[in-house]
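Please look through the sequence and the model shown below before reading on. The report that follows takes up a few of its features, one group at a time.

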Amino acid sequence: MDRTPFYERVKERLIRYARVDTQSARASDAVPTTKKQFDLAYMLRDELIGMGASNVWLDEEKCVLYAALPSTLPPGRGMAFGLVTHMDTAPDAPGAGCKPWVLTDYDGGDILLNAEKGIFMSPREFPNLLDYVGQDLILTDGTTLLGGDDKAAIAAVMTMAEYLIQHPELPHGPIALAFTPDEEVGGLARDLDLDRFGAGVAYTLDGDYLGYYEDETFNASHATLTFRGRSVHTGTAKGILINAADMAAEFVSLLPPLEKPQFTEGREGFFHIVSVHGAVEKAQVDLIVRDHDGAIFARREQLLRDLAAKLQAKYGAERVSITVTPTYRNMKEVIDRYPFLIDNLKKAILLAGLTPQSIAFRGGTDGSALSHRGLPCPNLSAGYENAHGRFEYVPIRSMEKNVEILLHLSRLFGETEA
Ligand SMILES: [Zn+2]
């Protein structure tokens, strides 16, 4: 397979970034959730300064790194856009001690990841491997995740930045870069300062399937139902005892039985019980609600309130309480107001020789939250595979292609009038 001038740069970068453990943590209230995310932030900061990027600034409290590439166009020409990638890796598999290595010219067979421990990766279990026969893959030793999510994207963004700085003759408007912590634990780029960021539109680079983009995510909320019972001796309980655990079970039984993640796909929404715990005196049900469609989503939330009201009517208002907390909203209603965002992205993907494809993403992205905070922000795939696990890998060509897409995008935004 022909290598582009970006091959060595993205390869070296992903390997170097993957060796830095930046795993975030769910059970942490700290900001960022783990200090070690700063290890990569400092590395990237120094690298950006070294390559000559502008306005490089690390928020040493929140662990958000900013940089900019100034316009090469006459004043007032072209539109500013931004790129947002996340520095943390998922807490779902070990992250420390990652030993990335390169398999060249993959032959389509089983891959020995770790001879000592006898760990193989086979296309029988991971048929996506067959899409990359003949390509060079960056792999793990089968004991940690790779962290290509999202470091494959960081490698592509850094390589694009370096290339644009080295080629001031290439026309582009202002480009804003941000590197954020804690995406994997629901950080939603909360601490990204939009004034400092300096672009009015942006893209996240995250996700698998090279050439895919997302402009549609779930609407999401979290509901907690609390049931309060009355405990007395079971021998004399008749007409007196109220069992909170029974009320919780009754609530669960009233939910639509087929509207669950295990029975839904595409644009079908769901209720998902995250936890049920309790005893006679008190019980609690936590669940999440998801739907792409805003109106149906609102009806789902209303159903929960109606069920709570029904149980209140039966057992007493003081015995049942519900809180519904929004998590994120579908970005599409925002993105649709900026059609050039997807037009430019599709053109850039096509110019890189790929077919742009999109799916209604069954999840949320930092871009879902950013879009509703005033930074319209669709998502472009980062090109990693098997994320969040020990069998994660990144085809080097996917990162090269993303550099090409980003370079086309920078030129297209230079031609877009603000
Ligand atoms: Zn990610």
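## Cores, sheet and charged pairs

Leaving aside residues up to four places away in sequence, Leu48 touches Ala53, Val56, Leu65, Ala67, Met158, Leu177 and Phe179, where contact means heavy atoms within 4.5 Å. The model is a predicted one, in which local features need pLDDT of at least 70 and side-chain atom pairs count only at pLDDT 80 or more, while totals for chains, interfaces and linings use all residues. Residues are numbered from 1 along each chain as its sequence is written, and side-chain values use heavy atoms, with hydrogens and water left out.

Leu48 belongs to the largest nonpolar core, which has 68 residues and in which Leu48, Met160, Leu177 and Phe179 touch the most other members. The largest share of this core, 10 residues, is supplied by helix 3 (residues 148-166). A second, separate core holds 21 residues, among them Ala283, Val285, Phe297 and Leu304. A nonpolar core is here a set of buried Ala, Val, Leu, Ile, Met, Phe, Trp, Tyr and Cys residues joined through side-chain atoms within 4.5 Å; buried means under 20% relative accessible area, exposed over 50%, and partly exposed in between, with a 1.4 Å probe and protein chains only. In soluble globular proteins, nonpolar side chains tend to be buried together.

The helices and strands named here are DSSP runs, numbered from the N terminus (helices are H or I with at least four residues, strands are E with at least two). Four strands form an open sheet in the order 12-13-11-14, with antiparallel pairing; two strands pair if DSSP finds at least two bridges between them. Strand 12 (270-278) and strand 14 (320-328) stand at the edges with a single partner strand each, so one side of each has no neighbour in the sheet. On average, neighbouring strands of this sheet are turned by 15° against each other, direction ignored. Strand 11 (residues 219-228) and strand 13 (residues 282-291) run antiparallel and are joined by 10 bridges, and the bridge partner of Thr224 in strand 13 is Asp286. Helix 5 (residues 244-254) lies across strand 11, strand 12, strand 13 and strand 14, and runs at about 20° to strand 13. For such angles, axes are lines fitted to C-alpha atoms, for helices over the stretch in contact, and the values run from 0 to 180 degrees between N-to-C directions.

Side chains of opposite charge can pair when their charged atoms come close. The structure holds 25 salt bridges, each a side-chain nitrogen of Lys or Arg within 4 Å of a carboxyl oxygen of Asp or Glu. The table lists three of them.

| Pair | N to O distance |
|---|---|
| Arg13 and Glu162 | 3.1 Å |
| Arg16 and Glu47 | 3.0 Å |
| Asp336 and Lys332 | 3.3 Å |

Arg13 lies in helix 1 (residues 7-18) and Glu162 in helix 3, so this pair ties together parts that are 149 residues apart in sequence; both Arg13 and Glu162 are buried. Arg16 in helix 1 and Glu47 in helix 2 (residues 37-51) are 31 residues apart, and their pair also links distant parts of the chain. Arg16 is partly exposed, with a relative accessible area of 23%, whereas Glu47 counts as buried at 14%. Salt bridges that share partners join Arg9, Glu12, Arg13, Arg16, Glu47 and Glu162 into one network.

The backbone also has some features to look at. A cis peptide bond, with omega of about -10°, joins Val31 and Pro32, and Pro32 has its place in the loop between helix 1 and helix 2. Tyr209, although not a glycine, has a positive phi of about 60°.
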